[in-house]
Amino acid sequence: MSDLNKLGLAEARDLLRKGETTSVELTESCLSAIDAADALNAFVHKTPEIALERAKAADARIAEGDAPAMCGLPIGIKDLFCTKGVDSQAASRILKGFKPEYESTVSQNLVDAGAVMLGKLNMDEFAMGSSNETSVYGDVVNPWRRGDDEAALTPGGSSGGSASAVAADLCLAATGTDTGGSIRQPAAFTGITGIKPTYGRCSRWGVVAFASSLDQAGPMTKNVRDAAIMLEAMCSHDLKDSTSADLAVPNFEAMLTGDIKGKKIGIPKEYRMDGMPGEIEKLWSEGAEMLKAAGAEIVDISLPHTKYALPAYYVIAPAEASSNLARYDGVRYGHRATLEAGDGITEMYEKTRAEGFGPEVQRRVMIGTYVLSAGFYDAYYNRARRVRTLIKKDFEDVFAAGIDAILTPATPSAAFGLGEMTDADPVQMYLNDVFTVTVNLAGLPGIAVPAGVDKQGLPLGLQLIGRPWEEGDLLNTAYALEASAGFVAKPSKWW
């Protein structure tokens, strides 16, 4: 079977258990696909030796008969996760050459589950971006194209490398992180599934920090069942992360019944944005009808503080980023600028950070420093925190009224061309996060599911937002939506 890399996690797992293939064969198929896909620029640190070593160990474990679901399955790891002895750069020049002496908790959980790491995946620098154009490694290219147009499209960001690799069948699944939509937006742009779990469900330890109160890891997979399988393996309580929840991790896959009869699905009126493309509006309406046909009750709801979410996010996230990124100073690890005679420690800090950080990271650090400064702390940062509390309460009120999940668009458009937005006002780029940032501000689980294509043949996604800690129920609703939508399109191979 030469196309093993095209399998999903569940299909591959079942073949491994039946003895119809081996982890080594799966891994070799993915490694061949990766080597033939440099045009996508998705994998930036390839680790074939580690992959084959882990695949052999997984085959031995499967033969013994006690292997967990992820055992032997080849996946990609976003460059934001620290991986022991392997470059972990967060796509930034300032971390060039950094090889951690430790493994992030999430990637360690996957190692313990027997998953096979194929390599590290490209991303926006320090996860700051919505188009994967801020990476020191260069742009990631979406495997999808607009009909016969050869213009390169964005895979979304910041987990663009993960999205591109999964959509192009370079790996069976990948890890992503989501601070304001960085799993869900790229998933929608590339026709795959991506879930951001409840804040605290996955440990943040060993994940390079962007905004600590918003960051959350999650899986990016080919379908909802695979998301359930991988999410269970990634989750755990972790004493090394004070925000990690001490909650049992359920068997998410076992909760996929597809039965959503009697579930109440909310449709928030505030998400009907001015200028929303008709195709997005139509898809949203069709998604609601699909869920209704599956037995759910569709309820119009209000989330009144939604309009303040984007400005609040772009105060809070840069504020936390400016604090987190203060540690990159050229002293302990990573890049250090070459100094001239007479330069002191201050010049070393200034030159190192000016050389090491790209323009978008510099912009956000400066915004964050500004809103945290003495004269503006109350006017910006404290006000944004109060708005965040109101946004969180909007969701709490809706869930208290009996709503089980909320259906919204995942993105305001299909994938756009690389370079189309980089020269524009940065706020235009930030508007890509308009449907996703509320979920991070409120700490809720959210999932993007591919549900259709636009007139140019590009995938479009819908987002479901769930109750805190009820990822199983959310995945089941997504499973029903996926079954109704019947999305099976794949990009035509050109790379």
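1. A disulfide is counted when two cysteine sulfur atoms lie within 2.5 Å. Cys 235 is buried, at 6% relative accessible area. Buried stands for under 20% relative accessible area, exposed for over 50%, and partly exposed for what lies in between (1.4 Å probe, protein chains only).

2. A word on the basis. This is a predicted model, in which local features need pLDDT of at least 70, side-chain atom pairs count only at pLDDT 80 or more, and totals for chains, interfaces and linings use all residues. Residues are numbered from 1 along each chain as its sequence is written, and side-chain values use heavy atoms, with hydrogens and water left out.

3. Cys 171 is another case. Its sulfur is 6.8 Å from the closest cysteine sulfur, that of Cys 30, and this is too far for a bond. Cys 171 is buried, with a relative accessible area of 0%. Across the whole structure, the search finds zero disulfides.

4. Now the sheet. It is open, has 11 strands and mixes its pairing; the order is β1-β3-β2-β4-β6-β5-β10-β11-β9-β7-β8. β1 (43-46) and β8 (297-301) stand at the edges with a single partner strand each, so one side of each has no neighbour in the sheet. Neighbouring strands are turned by 30° against each other on average, direction ignored. Strands are DSSP runs of E with at least two residues, helices runs of H or I with at least four, numbered from the N terminus. Two strands pair if DSSP finds at least two bridges between them.

5. Look next at β6 (residues 216-221). Six of its six residues are buried, so the strand is mostly covered. With β4 (residues 173-178) it pairs in the antiparallel sense over six bridges. Thr 175 stands opposite Pro 219 of β6. β5 (residues 193-196) also runs antiparallel to β6, joined by two bridges. Here Thr 193 has Thr 221 as its bridge partner.

6. β4 has a parallel neighbour too. Two bridges join it to β2 (residues 74-78). Ile 75 is the bridge partner of Ala 173 in β4.

7. Last, a helix. α15 (residues 471-485) lies across β5, β7 (264-268), β9 (405-409), β10 (446-453) and β11 (459-466). It runs at about 5° to β10. Contact is heavy atoms within 4.5 Å. Axes are lines fitted to C-alpha atoms, for helices over the stretch in contact, and angles run from 0 to 180 degrees between N-to-C directions.
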